[in-house]
Structure formats: C-alpha cells, structure tokens
Amino acid sequence: MTAIPTVPCQIHASCVSVQGRGVLIVGQSGSGKSALALQMMAYGAELVADDRCDLSVTELGVIARKPDTLPAAIEARGVGILASPCCESTVLMAIVDLDSNTVERLPALRHVSIGPHRLPVIPSGDKTHLVAALLHFLKHGFHGSMGA
C-alpha cells in the first residue's frame, strides 16, 4: 500500500464521499484509482479529489480535501478530463488499496494508523461487486467488530 506520510500531507490518491463519509483510493499509477472513483460517482458518490488529496487530522478523524491547485475534475482514461463538482471535504472511513488483492472470501482486515485514528485497509478483491460493496460500506459500515 502507498505509504501515508505524517499528516498534514498531500498524497497521490483519489477520494469519494457518500453522506460525508469517504474512502481514499490508493494504488500505483495506472491501477484504476480514477476509474473506481468514477464508477462510484455514477452511483451517487461525490468526488472529493482525483489524483491528489490533502489529508489532515482533527478530533473527528482523518479529513480529505481537494488541493486548491487541482481543478474540479476527474480523469476518464481514454475519454479525457471530465468536469465534476467536488465536495469540500470528507471524513475518511477506510482506505481502498488497489495494489492489494485477495481471493479470500472474508479476509482479515488490515489497519493503518494516521495520527490517533485507525482506518481499515480494504483490498481490491473481487472487482465484480467492489463498487456496490464500497457504497454500502460508506452508508452502513461493517457489521459488529469486523472493522475494529
């Protein structure tokens, strides 16, 4: 997974939000970060930022924002740069790691600490339902202690 430097920082990642709850999408260049964000946006997620995100820590959690220097837009590979409204910020609920794949049906979640906050790291896994699973997660979270 892409290393998270000390916050506040700027990271090479994309981010989307549903009802103020966000996922940070990380992975190597060309791994599909923008494509996953665009798919989630097609089902109602809001773009926070594409390509780079500013991260900061508050008592509420890890906050992601679009850097001021980036346009309100998202890259659609093979199509072009598409204009997109961006929400101002979101509280991160998880990190989606496109470089980490699993074939396990119910994988044990890894976590990463950012400041005093611990976030689950979700592997890309079975991409046939990744968008649906992430949108549902942002609305309802994990069951019981799964995300603890």
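## Ser34 and its contacts

Ser34 is in contact (heavy atoms within 4.5 Å) with Ser14, Asp50, Ile74 and Glu75, leaving aside neighbours within four places in sequence. Ser34 sits in helix 1, residues 33–42. Helices here are DSSP runs of H or I with at least four residues, strands are runs of E with at least two, and both are numbered from the N terminus. Ser34 is buried, at a relative accessible area of 16%. Buried means under 20% relative accessible area, exposed over 50%, and partly exposed in between, with a 1.4 Å probe and protein chains only.

This is a predicted model: local features need pLDDT of at least 70, side-chain atom pairs count only at pLDDT 80 or more, and totals for chains, interfaces and linings use all residues. Residues are numbered from 1 along each chain as its sequence is written, and side-chain values use heavy atoms, with hydrogens and water left out.

## Gln28 in the loop

Gln28 belongs to the loop between strand 3 (21–26) and helix 1. Gln28 is exposed, with a relative accessible area of 56%. Not counting residues up to four places away in sequence, Gln28 touches Lys33 and Asp99. His12 is 16 residues from Gln28 along the chain, and their C-alpha atoms are 8.9 Å apart.

## Fold and dimensions

The chain has two helices and eleven strands. Their order along the sequence is β-β-β-α-β-β-β-β-β-β-β-β-α. The radius of gyration is 14 Å, close to the 15 Å of the globule rule for 148 residues, so the chain is as compact as a globular protein of that length. That radius is taken over C-alpha atoms; the rule is 2.2 Å times the number of residues to the power 0.38. Along the principal axes, the C-alpha atoms fill a box of roughly 40 × 35 × 25 Å.

## Packing and surface

Of the 148 residues, 45% count as buried. Among contacts with a separation of 6 or more, 65% join residues 24 or more positions apart. The accessible surface is about 7900 Å², and carbon and sulfur atoms hold 53% of that area. Areas come from the Shrake-Rupley method with a 1.4 Å probe; for residues, only the protein chains shown count as cover.

## Annotated domain

UniProt, in an unreviewed entry, places the feature "domain: HPr kinase/phosphorylase C-terminal" at residues 10–82. Such annotations may be inferred rather than shown by experiment. The span is 14% helix and 51% strand, and its end C-alpha atoms lie 22 Å apart.
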